[in-house]
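Reader: I have a structure open and want to go through its side-chain packing. Can you take me through it, starting with the terms?

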Amino acid sequence: LLGSAATLLRHQGRGRETKLLFSGDVGRKGLPIIRDPEAIAEADYLIMESTYGNRLHKQDEIVVNKLAGIINRTAQRGGRVIVPAFAVGRTQQLVLLLHELANRKEIPDIPIFVDSPLAVNATEAYRRHPECFDEETKTYLENGSDPFGFRRLRYVREAAESKALNDLRGPMVVISASGMAEGGRILHHLRNNIGDPRNTILIVGFQAENTLGRKIVDRQVEVPIFGEPMRVRAEVVTLNELSGHADQRELLHWMKPFAGQLKKVFLVHGEPTQALPLADAIREMFDIETHVPERGESFDLR
């Protein structure tokens, strides 16, 4: 995310310094907009996320080409692409990729809507911080272009304008929050579109257990929206390549430069099915004592 960082705490006591590093959410190399994660040089103890600790992201297809295929296939059916997307980070990534596809004329000339007041505000924050951009995104600015704005794209703030999208006809793309479809305007778009086989529900981010987004990813026949069971007839596609969280290989690579100094590793922010296999991988690769703490558990770092 824009401005994200790992945090290194230094404690001086008993005549020595102890360095405790908290990873935050570890990013990935090569994603749109934000510079790649920087290497960390030192730490005695590491608290690290494990969101995708037992997963390897697919690398078999360029994400922009896959996105183009989804939009073209849906447009040919006369359908809509409905995208639950996190307002900060994921929405801006999608907008930039769609901008690239539009410039190359690789998707049809259909309207694209970002329907989320928070996403609109977050996009303005991105515009104000080009120092965080990677070289590809900076190229837009050097050419006098807005990376987050182009002719087909419209940002929606007002609720009345959001509701009016349901009355439009023909193919379109609607990107809306929340990213796990647990609240926000995306619920209205899902209710109005999930039952039409011409449409596509495009999942582009992590879906926690028991969320509506996870139920859609799991291809449940019916899902509850506003308390009512809705039949899932739309095509469901998952685009994991845009995930902001590092996978197991990337997490191990991130910690490798300072792994030789570590006394212990603590894995947090991950379901047990992800954290426990990552702990095994760390022990095997680096021979470091690794814990997946239980709720309320404490440790003395001496």
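Author: Start with what counts as an aromatic pair: rings of Phe, Tyr and Trp pair if their centres lie within 6.5 Å, and planes over 60 degrees apart count as edge-to-face. Bear in mind that this is a predicted model.

Reader: Fine. How many aromatic pairs are found in the whole structure?

Author: The search finds five aromatic pairs. In one of them, the ring centres of Tyr52 and Phe206 are 5.6 Å apart and the planes are at 70 degrees, so this pair is edge-to-face.

Reader: Where do Tyr52 and Phe206 lie?

Author: Tyr52 is in the loop between β3 (45–49) and α1 (63–76), and Phe206 is in the loop between β8 (200–203) and α7 (212–217), so the pair ties together parts that are 154 residues apart in sequence.

Reader: Is Tyr52 buried or exposed?

Author: Tyr52 counts as buried because its relative accessibility is 2%, and the cut-off for buried is under 20%.

Reader: What about Phe133 and Phe148, how are their rings set?

Author: Their centres are 6.1 Å apart with the planes at 80 degrees, so that pair is edge-to-face. Phe133 lies in the loop between α3 (117–127) and α4 (135–142), while Phe148 lies in the loop between α4 and β6 (153–156), so the pair ties together parts 15 residues apart in sequence. Phe133 counts as buried at 1% relative accessibility, and Phe148 counts as buried at 1% relative accessibility.

Reader: What lines the largest cavity?

Author: The lining is Leu67, Ile71, Val81, Val83, Leu94, Leu98, Val173, Ile175 and Leu202. By type, that lining divides into nine nonpolar, no polar and no charged residues. At least two lining residues come from each of α1, β4 (80–84), α2 (90–103) and β7 (172–176).

Reader: Tell me about α2. How many of its residues are buried?

Author: In α2, 12 of the 14 residues are buried, so the helix is largely enclosed by the rest of the structure. Among the buried ones are Leu94 and Leu98, which also line the largest cavity.

Reader: What span should α2 have, end to end?

Author: At 1.5 Å a residue, its 14 residues should span 20 Å, and the end C-alpha atoms of α2 are 20 Å apart, which agrees.

Reader: And what follows α2?

Author: Lys105 follows α2, with a positive phi near 55 degrees.

Conventions: Residues are numbered from 1 along each chain as its sequence is written. Side-chain values use heavy atoms; hydrogens and water are left out. Rings of Phe, Tyr and Trp (its six-membered ring) pair if their centres lie within 6.5 Å; planes under 30 degrees apart count as stacked, over 60 as edge-to-face and the rest as tilted. Helices (H or I, at least four residues) and strands (E, at least two) are DSSP runs, numbered from the N terminus. Buried means under 20% relative accessible area, exposed over 50%, partly exposed in between (1.4 Å probe, protein chains only). On a 1 Å grid over the protein atoms alone, a cavity is a set of points where a 1.4 Å probe fits but cannot get out, and a pocket is an open set with protein on both sides within 12 Å along at least five of seven lines; lining residues have an atom within 4 Å of a point. Ala, Val, Leu, Ile, Met, Phe, Trp, Tyr, Cys and Pro count as nonpolar, Asp, Glu, Lys and Arg as charged, and the others, Gly among them, as polar. The expected span of a helix is 1.5 Å times one less than its number of residues.
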